[in-house]
Amino acid sequence: MKPGSILQPGQTLGILGGGQLGRMAAREAKRAGYRVAIYTNEPHGSPAGQLADLEINAAYYDDEARDHFLKEADVITMEFENLPGDLLAAFEKFRPVRPGRKALEICQNREREKLFLKENGLPHAEFQVVKNAIDLAAAVEALGLPCVLKTAAFGYDGKGQQKLMGGEDWAQVWKNLGAPRGVVEQWVTFEKEISVVAARGVDGSFAAFPPGENEHVHHILDLTIAPARIAPEVAAQAVELTEKIAAALAYTGTLAVEFFLKADGSLMVNEIAPRPHNSGHHTLDACLNSQFEQQVRAVAGLPLGDARQHTPAVMGNLLGDLWPAPEHAPDWSPILKHPRAKLHLYGKRRAVAGRKMGHFTVLGDTVEQALADAREIKAALAAQLPARDQPSPE
Ligand code: AMP
């Protein structure tokens, strides 16, 4: 496919990665008549591979697999950001890769992401980059307590993070991080965490979904309440900042920006995800176009769809913790019997604690109603577990 042209139904969308985000994008692409090729280092039958026309299962360094994927895919996108830069560079020589390598390289590394925010005058928590225990002690001294140490690379869902309260043994803390570089961030006292999921087209057009409000349990997203219960000016500012970020990254595709909302109404960017995001899953059921349709449209070179939300919604994640045993799924009737709830399962064969197995969305006349129903559904699912496995609040 030539850079200025549009991917036509019948042509092939190539997706790097085989997880649930690729699965939901594949479903949207298939609906519109595109072929889908998945390239994943997961074994055959990955969540995305199950719905694709072709699934290539090989290491990302496998030359034969790369060539095969390139031969099949007319345009390439990805469903996770931790891909080797040289792989993307190799693909970029022959096919449009959307989003491009620059955006991925920034968003896959916390150090580069923080520097990007700083250089572009975007609000963020004060931070310092650290390379050893001496740097760490100096950073804590400069930033003040509490603060949080995070790995510079490849962290998600709170992995590779430690909150520092003071009195720790810095040498031990540094050793526990187990990474060559870290970022120390000032602790932010926030009122809410919100996120904006948005898309940017090849032509620079931009469309954002209304911000969602996120509740985490043990650092993993638990619920997204959409639209977020925030002042309209705050919502407008979050969207404006997201547009600025997307433009500065010269972005094409769907992206998400997570924010901390402080008591004074100000926002700080926490993280940028260069892909559809867990906090945008409700868009499948509650918006005119979903975040995955927007991804397909943008990557295909089409104009973006209308990102309006037509119904208030709450999305709840379904983690492996809900499975009474690894191969024994919960009884889904609390979701299936609800007239305004939708069950989404990702086709993962084995449930593991903390693993995202699916999600549900509840629609309501009001966000409060959807939230009350979502909490009821969660409680009914949790009640199926033996008492010792009942999830504890954070
Ligand atoms: P992250 O992986 O950086 O998104 O962090 C996971 C979660 O940890 C966030 O969603 C916040 O709830 C919390 N967190 C991370 N960084 C900070 C910070 N600087 N101040 C307060 N809470 C934080």
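Predicted model: local features only at pLDDT ≥ 70, side-chain atom pairs only at ≥ 80, totals over all residues.
A patch is made of residues with over 30% relative accessible area and no salt bridge, with like charges joined within 9 Å and nonpolar side chains (Val, Leu, Ile, Met, Phe, Trp, Tyr) within 5 Å. For charge, Lys and Arg count as positive and Asp and Glu as negative, while His and the chain ends are not counted. A charge is placed at NZ of Lys, CZ of Arg, CG of Asp or CD of Glu. Accessible areas come from the Shrake-Rupley method with a 1.4 Å probe, and for residues only the protein chains shown count as cover.

Residues are numbered from 1 along each chain as its sequence is written, and side-chain values use heavy atoms, with hydrogens and water left out.

The surface, then. Asp62, Asp63, Glu64 and Asp67 gather in a patch of negative charge. Aspartate 62 sits in the loop between β3 (54-57) and α2 (63-72); helices (H or I, at least four residues) and strands (E, at least two) are DSSP runs numbered from the N terminus. With a relative accessible area of 31%, aspartate 62 is partly exposed. On that scale, buried means under 20% relative accessible area, exposed means over 50%, and partly exposed is in between (1.4 Å probe, protein chains only).

Next, strand β15. How many of the seven residues of β15 (residues 313-319) are buried? Seven of the seven, so the strand is largely enclosed by the rest of the structure. Ala313, Met315, Asn317 and Leu319 point one way, and Val314, Gly316 and Leu318 the other.

Its pairing comes next; two strands pair if DSSP finds at least two bridges between them. Strand β12 (residues 220-226) runs antiparallel to β15 and is joined to it by four bridges. Within that pairing, methionine 315 of β15 is the bridge partner of threonine 224. Strand β17 (residues 356-363) is also antiparallel to β15, with seven bridges. There, alanine 313 has leucine 363 in β17 as its bridge partner.

Back in β12, we find leucine 221, which is buried at 6% relative accessible area. Its C-alpha atom is separated by 27 Å from that of leucine 304, 83 residues apart along the chain.

Now salt bridges, meaning a side-chain nitrogen of Lys or Arg within 4 Å of a carboxyl oxygen of Asp or Glu. The structure holds 17 of them.

One joins glutamate 111 to arginine 181, with the closest N and O atoms 2.7 Å apart. Glutamate 111 lies in helix α5 (residues 110-119) and arginine 181 in the loop between α7 (170-177) and β8 (182-186), so the pair ties together parts that are 70 residues apart in sequence. Glutamate 111 is buried at 12% relative accessible area, whereas arginine 181 is partly exposed at 31%.

Another joins glutamate 185 to lysine 114, at 3.2 Å between the closest N and O atoms. This pair also links distant parts of the chain, glutamate 185 in strand β8 and lysine 114 in helix α5, 71 residues apart. Buried or exposed? Both glutamate 185 and lysine 114 are buried.

Aspartate 306 and arginine 308 form a further salt bridge, with the closest N and O atoms 2.6 Å apart. Aspartate 306 is partly exposed at 32% relative accessible area, and arginine 308 is exposed at 53%. Elsewhere, salt bridges that share partners join Glu28, Arg31 and Glu293 into one network.
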